[in-house]
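Reader: I am new to reading protein models. Could you walk me through one, feature by feature?

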Amino acid sequence: MASPVVEQVVESATPTTAATAHTCTLPTATAGQLLIIIADKGSTSATVTDTDGIGLTELLDEASANGLYIAYKQMTGSEPASCTLTTSASTRLVEIAYRISGAENPATQAPQIGTTGTGTSATPDPPASAAPGATKDFLFIAFAGMAGEEGDDDTWGNTPPTNYTPSPPRQKTCGTVGTNLGGLILSAERALNTGAAENPGTFGVDTSAAWRSQTIMIHPPTPVDQTPTPSAIAAPVVIPAPTVVVQHIPGPYVNMAPRVAP
C-alpha cells in the first residue's frame, strides 16, 4: 500500500484590504479524491464559514489572531473552480488547497491533526502529529501561519522541515509589506510509513514573527481483506472408482486340459 499522493496544489489570498468574504481557489474537481484546505487569518480574531455550501468539514477553526483553519471533503467531481469562505469579522485570509489521490475516504477515516504549535521566531515548528493506531503509509502535511507581512514573491519562506518537500516550501501571502498584519502561510509534505507520531522539524523564514503551526496526518485506504471465506473455498473434486463389468460368455467351451502324447 502506497502513501496518498499530492496531485495538485493551488493558492489564493484576499488582497491587502481586510474583508469578510474570501474567494478560495479550488483544485480541479476530481471524483473520489480528497480536498484539503489550509488557511491562516489576519491579525483580527474570526471564525470561518463555507457559505457556498460545497460540503466542507472543518478540522480546525481557531478564533484567534493569526488563527489557523483546516477543512476537507471527499470530492464528487462537481466542485466549482472556487468557493467563498466567510469570516465572522473583517480580516485577512490566505489559503493553500490540496487535491490528494490514494487517501482514505474521510467518512471512514478523517485526516487527523496534533496540538497547534505556537511561538515567535524565524523557525516555525510544526507539532507532532496525532498518534497512528497502526503502521501505515501516511501522508503528512506540515504548515505554519505567521504574523508580520511579506511581499507575495515566494522568497520569504526559505526551507521546509527535513525530509519534507518541496524546497523552498509552498508559500502565499496577502501581498504587501507591513507590520503584524498576518495572513502568511507556508507548507510542505512528506510520505512516510510509520506507526508512531510524526514530529516534523522547523521551517526557515526570513523574519522572526509570531507563528501558529499544525501537522495533518492523511491515511491511506484500508486494505481489502483478500482471504476467502469458507463458503468461497471450492469443495474437493471426488473422482469415483472405476466400475468393473464381468461379462459371461456362453459355450461351447474348449477342453483346456493338457494333451498327453501317446
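Author: Start with the elements. Helices (H or I, at least four residues) and strands (E, at least two) are DSSP runs, numbered from the N terminus. Here the protein chain has 0 helices and 16 strands. This is a predicted model, in which local features need pLDDT of at least 70 and side-chain atom pairs count only at pLDDT 80 or more, while totals for chains, interfaces and linings use all residues. Residues are numbered from 1 along each chain as its sequence is written, and side-chain values use heavy atoms, with hydrogens and water left out.

Reader: How is "buried" decided, and what percentage of the residues count as buried?

Author: The term rests on relative accessible area: buried is under 20%, exposed is over 50%, and partly exposed is in between (1.4 Å probe, protein chains only). Of the 262 residues in the protein chain, 45% count as buried. Accessible areas themselves come from the Shrake-Rupley method with a 1.4 Å probe; for residues, only the protein chains shown count as cover. The accessible surface of the protein chain is about 12800 Å². Carbon and sulfur atoms hold 55% of that surface.

Reader: What is a contact, and which share joins residues 24 or more positions apart?

Author: A contact means heavy atoms within 4.5 Å. Take the contacts in the protein chain with a separation of 6 or more: residues 24 or more positions apart account for 80% of them.

Reader: Where is Asn66, and what does Asn66 touch?

Author: Asn66 sits in the loop between strand 5 and strand 6. Asn66 counts as buried because its relative accessible area is 7%. Leaving aside residues up to four places away in sequence, its contacts include Asp40, Gly145, Gly182 and Arg212.

Reader: Are Arg212 and Glu62 buried or partly exposed?

Author: Arg212 is partly exposed, at 22% relative accessible area. Glu62 is buried, at 9%.

Reader: Which residue does Glu149 pair with?

Author: Glu149 forms a salt bridge with Arg92, and their closest N and O atoms are 2.0 Å apart. The pair links distant parts of the chain, 57 residues apart. Glu149 is in the loop between strand 11 and strand 12, and Arg92 is in the loop between strand 7 (82–91) and strand 8 (93–101). Glu149 is buried at 6% relative accessibility. Arg92 is buried at 5%.

Reader: Which residues form the negative surface patch?

Author: First, the rule. Patch residues have over 30% relative accessible area and no salt bridge; like charges are joined within 9 Å, and nonpolar side chains (Val, Leu, Ile, Met, Phe, Trp, Tyr) within 5 Å. Lys and Arg count as positive, Asp and Glu as negative; His and the chain ends are not counted. A charge is placed at NZ of Lys, CZ of Arg, CG of Asp or CD of Glu. Here Glu11, Asp153, Asp154 and Asp206 form the negative patch. Asp153 lies in the loop between strand 11 (136–146) and strand 12 (157–159). Asp153 is partly exposed, at 46% relative accessibility.

Methods. A salt bridge is a side-chain nitrogen of Lys or Arg within 4 Å of a carboxyl oxygen of Asp or Glu.
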